[in-house]
Amino acid sequence: MGKVIVVTSGKGGVGKTTSTAALGAALASRGEKVVVVDFDVGLRNLDLVMGAERRVVYDLVNVIQGDAKLPQALIRDKRLDNLFLLPASQTRDKDALTSEGVERVMADLKRYFDWIICDSPAGIERGATLAMRHADMAVVVTNPEVSSVRDSDRIIGLLDSKTLKAENGERMEKYLLLTRYDVNRAERGDMLKVDDVLEILSIPLIGIIPESMDVLRASNIGAPVTLADAKSAPAQAYFDAARRLAGEVLPMTIPGEKRGLFGKIFGRKAA
Amino acid sequence: MTKVLTDARSIRIKGRSFLAVVLSPDLPLDNWLARLDDLAARSAGFFLDRPVVLDISEVSIDKIELKDLLEQLAERNVRIMGIEGARPSMLGPGMPPAMRGGKAASDFEVPEKSEDKSAQESSGQVGVATKQGAKQPETDTDSQLRNEPIKVAEVRPVIQSLVINEPVRSGQSVIFAEGDVTVIGSVASGAEVIAGGSVHVYGAIRGRVMAGSLGNATARIFCRKLEAELVAIDGIYKMAEDMDASLRGQPVQLWLDGDIIMAETLS
């Protein structure tokens with residue numbers, strides 16, 4: 001049976017879709033069967049980041065409403081044979097998702113895949129609650145700034161109360177993925193430090209992704225950062241996070257992109 | 001037009017619980033009303049001046065039947081102060097408000113036919129209502145309690161404290177009017193804890209904490225780290241900006257001295 005992971009945050013623009021794609025590709029490159037599912041009905045983006053936007057025929061809503069079979073809607077990645085995408089509908093709205101429908105699709109996916117990674121929409125409305133409802137574990141994506149941390153705290157509260165696991169009295173596994181971390185800005189006090197975020201959210205950390213141009217570059221060419229440039233700092237951090245998700249124990253490194261003196265001066269000028 | 005507030009004192013809003021008689025009718029209603037008449041005949045004025053709550057959670061009646069029942073009760077001088085267990089759609093303007101969150105207390109013993117007249121007379125003013133009784137002298141109530149056939153049919157153990165083993169997250173609120181609340185973890189920004197007694201937080205308070213919410217001026221607030229948005233004790237509150245900056249981030253206890261919230265760091 002596969003594991004269902006929801007990638008969620010509450011706040012928008014913190015890197016849920018990027019992280020979904022990167023973690024999905026990282027887990028798939030370990031040889032496991034992975035599907036990434038876009039729950040952001042009406043504002044889908046995962047297909048773009050996966051580079052599959054021209055290959056979408058059927059989507060999650062079609063499958064839920066019975067207009068298409070699950071295998072018809074699944075899109076196989078061109079780079080990795082065991083990585084699939086289940087896209088969201090761009091023309092429908094979130095009311096097209098039903099709890100029973102999502103449950104059925106998740107149960108089907110669990111039989112074929114090792115990992116089902118659900119990209120949650122921002123917010124705490126229907127789309128987000130349905131994305132988390134059937135999950136076995138959650139990756140809470142947070143930026144090191146106060147509004148993102150508070151929204152993540154709210155989402156953790158919902159994960160502990162509104163999911164099937166919580167309603168059955170079980171504990172939902174929740175992991176923190178800190179994204180867009182800039183060690184220099186954290187040192188200067190412009191950003192919250194890792195320890196501050198961990199103290200407020202008090203859930204285990206599975207990775208710190210550095211703020212990097214590599215992420216943007218990868219999105220623009222339509223590839224998960226872990227496939228576009230596997231040697232880059234954010235890709236390495238995502239690979240480590242994926243290994244921790246799979247149960248490995250690794251020492252946590254706070255990524256500091258070591259910039260030389262010239263780079264520092266240049267970087268500050270540009271900022 | 002804008003009103004200028006000349007009095008800077010804040011309004012004190014408190015909760016308070018009273019004891020009320022709960023009537024739980026059963027079907028058919030005619031039959032039940034007949035039995036009620038029988039009771040009223042035995043002890044005149046049993047419901048007089050007594051707060052009565054109508055519990056209709058066990059009977060399935062519609063809005064019209066409920067209205068009719070209320071009229072029937074009004075004819076019998078039974079004044080209903082609230083209705084428990086009604087759907088919101090059943091209650092309209094001019095009807096008593098919905099009540100919820102009631103807690104069981106000892107049952108009222110209804111006077112029997114065989115009782116002598118004196119007992120019947122005094123039973124008309126059995127004053128067990130906690131605050132209602134304040135109108136009468138204390139001793140009066142005491143003597144009635146001794147003489148009257150009020151039996152404690154069911155004594156439930158009173159829960160005095162609530163322990164929460166995880167952080168209280170943003171958007172969550174913990175409301176516990178019965179006593180103390182202990183949180184093993186932090187109270188996040190945007191979360192709130194409201195307790196009838198004291199509040200102990202083994203972590204940081206970043207949200208709101210209200211202690212002594214039912215009018216308990218001796219309640220206190222304790223925390224490992226004070227970064228609260230708002231703290232209140234017995235309706236007196238203090239915002240983050242009113243707090244002494246030296247307390248920020250410190251382990252602190254807060255208590256009430258008259259109308260002023262006092263605070264000191266815990267060493």
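Which side chain meets that of Glu167(A) in a salt bridge? In this predicted model, the partner is Arg133(A), with an N to O distance of 3.0 Å. Glu167(A) belongs to helix 8 (residues 164-167) of chain A and Arg133(A) to helix 6 (residues 126-133) of chain A, so the pair ties together parts that are 34 residues apart in sequence. Glu167(A) is partly exposed, at a relative accessible area of 46%. Arg133(A) is buried, at 19%.

A search of the whole structure returns 22 salt bridges over all chains. One of them pairs Asp153(A) with Arg169(B), whose closest N and O atoms are 3.0 Å apart. Asp153(A) sits in helix 7 (residues 146-159) of chain A, and Arg169(B) in the loop between strand 5 (161-164) and strand 6 (173-176) of chain B, so this contact joins two chains. Both residues, Asp153(A) and Arg169(B), are buried.

In chain A, a salt bridge also links the side chains of Asp190(A) and Arg188(A), at 3.3 Å from N to O. Asp190(A) is partly exposed, with a relative accessible area of 47%. Arg188(A) is partly exposed too, at 45%. Shared partners connect Arg30(A), Glu32(A), Arg243(A) and Glu248(A) into one network of salt bridges.

Chain B carries a negative surface patch. Asp30(B), Asp62(B), Glu65(B), Asp68(B), Glu71(B) and Glu75(B) form this patch. Helix 2 (residues 63-75) of chain B supplies the largest share, four residues. Asp62(B) lies in the loop between strand 2 (52-55) and helix 2 of chain B. Asp62(B) is partly exposed, with a relative accessible area of 38%.

Key: Residues numbered from 1 in each chain as written. Chains lettered and ligands numbered in written order. Predicted model: local features only at pLDDT ≥ 70, side-chain atom pairs only at ≥ 80, totals over all residues. Heavy atoms only, no water. Patch = residues over 30% accessible without salt bridge, like charges linked within 9 Å, V, L, I, M, F, W, Y side chains within 5 Å. Areas by Shrake-Rupley, 256 points an atom, 1.4 Å probe, with all protein chains shown as cover. Salt bridge = Lys/Arg side-chain N within 4 Å of Asp/Glu carboxyl O. Lys, Arg positive; Asp, Glu negative; His and termini not counted. Charge placed at Lys NZ, Arg CZ, Asp CG, Glu CD. Buried < 20%, exposed > 50% of the residue type's maximum accessible area, 1.4 Å probe, protein only.
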